[in-house]
Amino acid sequence: MQTITHLAELRPATRALQTTGKLALVPTMGALHDGHLKLVREARNAAAHVAVSIFVNPRQFGANEDLDAYPRQLQRDATLLEDEGVALLWAPSPDEVYPTGYATNVSVAGISEGLCGSDRPGHFDGVATVVCKLFNQVRPDMAFFGEKDWQQLVVIRRMAEDLDLTEPHVDSIHGVPIVREPDGLAMSSRNAYLSPENRNAAAALPREMREAIRRVAEGQAASSATRDLRSRLINAGFDSVDYAEIRNGADLAPANNAAAVNRLFVAARIGGTRLIDNMPII
C-alpha cells in the first residue's frame, strides 16, 4: 500500500493505478472500525483498486465540537487498510488541503439545512467542500459512503451531480448499509467516547427507533410516533434529542406516512456524545 501525504505525489499515483483498472475512493476521518472496513470491501468488489483518504476535516466541526478530541490513530488505521488490500492511503495535513489563502466554500442549499444542518451550522458546507476537493484530488471512478450519515450521502450526491463531478445517469456514488453492534447500535468512531453505563443505555436508540417504525406502520401518525420516541429515549437515559423525524429518503422532504421511500432520522445526546441513526420505514 502506498501512503501519500502530498498532492504533487498523489495524482501520478492515482493515474498509474487507473491504467490497469477502475479506482474506488473511500473517504474517512480515520479511527476506523468494521463499518469503514465494510466500505472498503464493497469498494474492492466493484473496482480494481481502492484508495482510502484519512483526513479529520476542520471545516465540518463547529466551534464547540470535538475537533481536538477526535481520535487520530493513523498507524493503526494504515495497518487495517493494508490488511484489506487497499492500494493507496491519502493522508494529507490540513495545510495540504487548505493552504494559505484558501477562500472557497461549497454549499448545497435545501437538503443541508434541516436535521443535522439545524444543529450543526456550516457542517455540510464543510463536508461538501472537502468531498469536492477529495474527488478532484484523487479523481476516482466511484466513491463509497456509509448510510449512517444519510443526510451527508444525499448532500454529496446532489453536489456531485450539480458540479458535474460524476458521469450523467451513472451511479458512481454508492451508499453502503449501516454496520451495527450486536445490540443494534450503529457503529461510529464516537461510540468510543461513551462510558460503560452510557454505552448500555445507548442501545435504546435503535430499539426505540424500531418500535416507532412499527407504530407508524400500524397507522400511528408520524408526529405522534416521533414525539413518543423522544420521550422514551429520555426515559432510557439520553440527555436530549436533537431531532426525531420521518422524511423522504431521496430529497429529505418531511413525510407523515409509512411509505417505503421514507426513513426515520434521529440524533440524540448521551453523556456528552451525539449519536445519529436512521432506518427505512418498512
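These legends walk through a few close-up views of a predicted model. Local features need pLDDT of at least 70 and side-chain atom pairs count only at pLDDT 80 or more, while totals for chains, interfaces and linings use all residues. Residues are numbered from 1 along each chain as its sequence is written, and side-chain values use heavy atoms, with hydrogens and water left out.

View 1. UniProt, in an unreviewed entry, puts the feature "active site" at His36; its positions follow the numbering used here, feature names are shortened, and annotations may be inferred rather than shown by experiment. His36 is buried, at a relative accessible area of 13% (buried means under 20%, exposed over 50%, partly exposed in between, with a 1.4 Å probe and protein chains only). Leaving out residues up to four places away in sequence, His36 touches Thr28, Gly30, Ala31 and Ser189 (contact means heavy atoms within 4.5 Å).

View 2. His36 sits in helix H2, residues 34-46 (helices are DSSP runs of H or I with at least four residues, strands are runs of E with at least two, and both are numbered from the N terminus). Besides His36, the buried residues of H2 include Leu37, Val40 and Ala43. Among the elements covering the buried residues of H2 are strand S2 (23-28), strand S3 (49-54) and helix H3 (74-83).

View 3. Gln60 belongs to the loop between S3 and H3 and is buried, with a relative accessible area of 10%. Gln152 is part of helix H7 (residues 150-162) and is buried too, at 18%. Not counting residues up to four places away in sequence, Gln152 touches Phe124, Val127 and Phe145; leaving aside neighbours within four places, the contacts of Gln60 include Met29, Arg120 and Val127.

**View 4. The sheet S7-S8-S9.** Here 3 strands make an open sheet in the order S7-S8-S9, with antiparallel pairing (two strands pair if DSSP finds at least two bridges between them). S7 (240-248) and S9 (273-280) stand at the edges with a single partner strand each, so one side of each has no neighbour in the sheet. Strand S8 (residues 262-270) is joined to S9 by 8 bridges, and Arg269 has Arg274 in S9 as its bridge partner.
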